[in-house]
Amino acid sequence: MSDKKQNVLLMVLGGITVLLLIFFIVLRVQSVKAQHELSKSDDKIEKAQAAYDKKKDDVSKKVYYYVSENGDAKTKPIGKQYVGTQTLNTRANTLFKIIYTYSNANDYINRKSKASNLVTTDVLNKQDIFGNKKNASVVKSLGIESSFDGAKAYLSEYTGNELKGIVVVDYSIVNMAGTKEGTKTFNVTYDMNQNKFTAIDIIN
């Protein structure tokens, strides 16, 4: 094959290679763009689904609250059970997060003042719930820290404006020996007029 033919062949092959390279680059760009658009579409779908779920949940809550006040003999107890459970669970999480969150002795002592608007004086003075100065000294000397992991309330009785139930609390304790997870169970009574816990007793 003459040099001229070789040069032409090389030019043709080079041109084909360039065209193929451009083709693959275009395909790659289009693929990335498609993936990006698909991702944006998925995000929109997820946001729309979340908004729908929230709206549905809000409507359900309003229905339950309405039924708890205005329902008939069959539906009113169902509404009250829902409202009571939601109230007890929300307030229990607020209170026990305070009780089980501290990183030093001062935090430990200050839990009482933080919880004073959530419990009656009798509950506030319970040393098995809020401890005392001796306990605070132990927290300081051992470098104990506590974190609240969550609480679940189970309504057992709803009479008048009084809620009674059981609260299960999960927490983690950190000290020089490491981290230890724990669970405590409480009998609780909550007064919806006072918006306070009037009784808290440790079960185990």
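Which helices and strands each supply at least two residues of the lining of the largest pocket? In this predicted model, local features need pLDDT of at least 70 and side-chain atom pairs count only at pLDDT 80 or more, while totals for chains, interfaces and linings use all residues. Residues are numbered from 1 along each chain as its sequence is written, and side-chain values use heavy atoms, with hydrogens and water left out.

The answer is helices H2 (75-99), H3 (105-115) and H5 (127-130) plus strands E2 (162-175) and E3 (178-191). Helices (H or I, at least four residues) and strands (E, at least two) are DSSP runs, numbered from the N terminus. H5 gives the largest share of the lining, four residues.

As for the pocket itself, its volume comes to about 270 Å³. Of its 18 lining residues, Tyr100, Arg111, Asp128, Ile129 and Lys184 are the closest to the centre. A pocket here is an open set of points on a 1 Å grid over the protein atoms alone, where a 1.4 Å probe fits, with protein on both sides within 12 Å along at least five of seven lines; lining residues have an atom within 4 Å of a point. The volume is the space filled by probe spheres set on the points, which are joined across faces, edges and corners.

Now for the strands. E1 (residues 145-159) runs antiparallel to E2, joined by 13 bridges; strands pair if DSSP finds at least two bridges between them. Leu155 has Gly165 in E2 as its bridge partner. Two residues separate E1 and E2 in a hairpin, and Gly160 in the turn has a positive phi of about 60°. E2 also pairs with E3, again antiparallel, over 14 bridges, with Val167 opposite Phe186 in E3.
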